[in-house]
Amino acid sequence: MSTTLRDTLIRERYLTRFSWALQDFPKYKRVVRELRTELTAASAEVGMRQAVADLGHPRVLAESYLSGLGRPVPRWTTGAVWGALAVGAVVYLVVAYTIGTLDTLDQLGGGTVEREFLGATVVYTHDDGEISTGFTLTWQALVFYAAVFTVPFLLGARVWRAWGTRSAQGSVRMTVA
Amino acid sequence: MDEPRDPQLLKGVLPMLVLALLTERESYGYELVTRLHDAGLDDLSAGTVYPVLNRLERDGQISSRLVASTAGPARKYYLPTGTGAEQLWSTARAWRQLAVTVDHLLARATTKESS
């Protein structure tokens with residue numbers, strides 16, 4: 001029995017959400033692959049919608065897998081997304097500021113203006129023959145830009161979980177003998 | 001009428017029940033869910049069973065093999081390993097001891113309530 005396009009879309013939508021929630025589970029791709037097989041097998045008996053519904057919310061299902069580890073795990077992908085968003089926000093602000101400054105220079109009849117940020121000099125020029133932005137870098141500015149990515153990355157990844165112990169692992173297992 | 005079951009009550013014994021059913025005969029994930037339903041756990045969702053299978057396999061208590069199916073993709077059949085069999089018996093023994101204690105305590109409480 002082949003899977004219809006509609007069933008494939010339902011299954012893959014669920015698995016994408018599940019995969020995102022399970023991102024830092026060891027060998028999570030194998031888990032997702034196995035779940036895909038199980039869903040396809042179950043859909044042959046109860047239909048894809050029911051098979052997916054039986055699994056519950058993808059985040060709750062992922063939590064069930066993660067709780068089986070007995071310890072919290074860092075979420076590196078989430079950290080990378082937070083870092084990229086922060087860098088994107090700063091790039092947007094820098095570009096907006098640059099365009100605004102060059103427009104202002106143009107409205108004032110052209111010229112050059114220098115601005116300093118953490119020791120780094122940025123030169124904006126807008127006149128009849130040139131529209132440009134030049135800058136010098138300092139280590140302070142480099143540290144700032146590195147921190148723009150690193151701090152949200154570490155917070156988003158819950159990096160402190162990497163130092164968590166596995167001591168709690170045994171307590172959730174069914175070893176009551 | 002059956003009392004609604006607290007999911008937390010089942011959570012702790014589910015690995016034992018999964019091992020017990022797989023000891024009877026090997027099964028793939030969804031089949032195992034239906035067997036649990038047939039055994040009376042009809043409110044159990046597939047999403048509760050798959051993480052348990054994953055954990056038992058990771059802990060070496062069950063092993064798996066792929067079997068071709070005429071009704072879809074190859075299915076992963078699970079079977080207890082030697083470690084899993086030992087775990088099942090030790091857990092079953094602990095469960096029986098616990099059940100005796102719980103029954104005893106509940107009997108005392110219900111006797112007191114009715115008197």
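**Exercise 1. The sheet of chain B**

Which residue does B:Ser27 stand opposite in β3(B)? Work out how the strands around that pair are arranged.

Solution. Keep in mind that this is a predicted model.
- Step 1: look across from B:Ser27 and you land on B:Tyr78 in β3(B).
- Step 2: follow the two strands. β1(B) and β3 (residues 75–80) of chain B run antiparallel and are joined by 2 bridges.
- Step 3: zoom out to the whole sheet. It is open, has 3 strands, and goes β1-β3-β2 (chain B) with antiparallel pairing.
- Step 4: find the edges. β1 (27–28) and β2 (62–67) of chain B are the edge strands, each pairing on one side only.

**Exercise 2. The sheet of chain A**

Trace the sheet of chain A strand by strand, then find the helix that lies across it.

Solution. 
- Step 1: get the element list. Chain A has 7 helices and 3 strands, and from the N terminus on they run α-α-α-α-α-β-β-β-α-α.
- Step 2: order the strands. They make an open antiparallel sheet, β1-β2-β3 (chain A), with β1 and β3 (131–135) of chain A as the edge strands. From one strand to the next, the twist averages 15 degrees.
- Step 3: take the pair β1 (residues 111–117) and β2 (residues 120–126). These two strands of chain A are antiparallel over 7 bridges, and A:Val113 has A:Tyr124 as its bridge partner in β2(A).
- Step 4: check the turn. β1(A) and β2(A) form a hairpin with 2 residues between them, and A:Leu118 in that turn has a positive phi of about 50 degrees.
- Step 5: move on to β2(A) and β3(A), which pair antiparallel over 5 bridges. Here A:Thr125 stands opposite A:Ser132 in β3(A).
- Step 6: α5 (residues 76–107) of chain A lies across β1, β2 and β3 of chain A, at about 45 degrees to β2(A).
- Step 7: look at the cover on β1(A). The strand is hardly covered: among its 7 residues, the count of buried ones is 0.

**Exercise 3. Where the chains meet**

Solution. 
- Step 1: size up the contact. Chain A puts in 21 residues and chain B 23 residues.
- Step 2: name the contributors on chain A: α2 (28–46), α3 (48–55) and α4 (58–67) each supply at least two residues. The largest share, 10 residues, comes from α2(A).
- Step 3: sort that side of chain A by class, and you get 12 nonpolar, 5 polar and 4 charged residues.
- Step 4: turn to the core. Of its 35 residues, A:Phe18, A:Val52, B:Val18, B:Ala46, B:Val49 and B:Leu53 touch the most other members.
- Step 5: list the elements giving two or more residues: α1 (5–21), α2, α3 and α4 of chain A, plus α1 (7–24), α2 (29–38) and α3 (46–58) of chain B. The largest share, 6 residues, is from α3(B).
- Step 6: pick one member. Leaving out residues up to four places away in sequence, B:Val18 touches B:Leu32, B:Val49, B:Val52, B:Leu53 and B:Leu56.

Methods:
Residues numbered from 1 in each chain as written. Chains lettered and ligands numbered in written order. Predicted model: local features only at pLDDT ≥ 70, side-chain atom pairs only at ≥ 80, totals over all residues. Contact = placed C-beta atoms within 7 Å. Helix = DSSP H or I, 4+ residues; strand = E, 2+ residues; numbered from the N terminus. Nonpolar A, V, L, I, M, F, W, Y, C, P; charged D, E, K, R; others polar. Buried ≥ 20, exposed ≤ 12 C-beta atoms within 10 Å, placed from the backbone. Pairing = 2+ DSSP bridges. Core = buried A, V, L, I, M, F, W, Y, C linked by C-beta atoms within 7 Å. Axes fitted to C-alpha atoms, helices over the stretch in contact; angles between N-to-C directions.
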